[in-house]
Amino acid sequence: MRNYTLLSCAVLLAPGLAAQQGGRDSIRVRGDTAEARRLRTQIESTFTRRVQQDLNLSQDQATKLRTTQERFGTRRRVAMQQQMERRRALENQMQPGIAANPDSVRKLMDGMQTGRAEMLKIEQDQNREMASYLTPVQQARYEQMRERFMQRVGELRMQRREGRGFGRGQGMGPRRPTIRGGARRRGI
């Protein structure tokens, strides 16, 4: 279970780590992205097998669920990446001591709202599709499993941000200095 959790975290954190590399080494970034895809695929297949077993899915249901997960997973990752980029841009606009551009802030806030609506639509579309081949009980249990999984991933991400959860020798680099309230200084 610990390996599964670490693998899950690696898949979800790899794109962020690749983005942190910036333009320093484009080959390495592409490699990180390919590695993230490989790990994501491995985790998704493990999760799907676990769901198939726990929900007692038929082979046909499992195949349909895998197809649904792939299609909506891709849409969800794109929407999440866009939201992350909007958040970063908004944080850059809202730096203390620097006047924010009101037009840019408004556009970013509108984009954040649109992104939240898109995530809700993805969820609704996925649920509607799954309802065509899962029983209501199977669908509810799937949602519970997915929610627990995502909650655990969120916890692991928080630990990563706080500098815990991984050894320093595993690609996390040195810990940055913090200021009041634990917030990290920009540019350090």
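## Basis

The model is predicted, so local features need pLDDT of at least 70 and side-chain atom pairs count only at pLDDT 80 or more, while totals for chains, interfaces and linings use all residues. Residues are numbered from 1 along each chain as its sequence is written, and side-chain values use heavy atoms, with hydrogens and water left out.

## Asp125

Asp125 lies in helix α4, residues 102–130. Helices are DSSP runs (H or I, at least four residues), numbered from the N terminus. With a relative accessible area of 15%, Asp125 is buried (under 20% relative accessible area, 1.4 Å probe, protein chains only). Neighbours within four places in sequence aside, Asp125 is in contact with Phe72 and Arg75 (heavy atoms within 4.5 Å).

## Helices α3 and α4

The axes of α3 (residues 59–93) and α4 come within 9 Å and cross at roughly 165 degrees. Axes are lines fitted to C-alpha atoms over the stretch in contact, and angles run from 0 to 180 degrees between N-to-C directions. The two helices are therefore roughly antiparallel (angles over 145 degrees).

## Helix α5

Helix α5 (residues 136–161) has 26 residues and spans 37 Å from its first C-alpha to its last, close to the expected 38 Å. The expected span is 1.5 Å times one less than the number of residues. Buried residues in α5 include Tyr142, Met145, Phe149, Val153 and Leu156, along with Arg146 and Arg160. Gly163 follows α5 and has a positive phi, near 85 degrees.

Note on methods
Buried < 20%, exposed > 50% of the residue type's maximum accessible area, 1.4 Å probe, protein only. Parallel < 35°, antiparallel > 145°, perpendicular 65-115°, else oblique.
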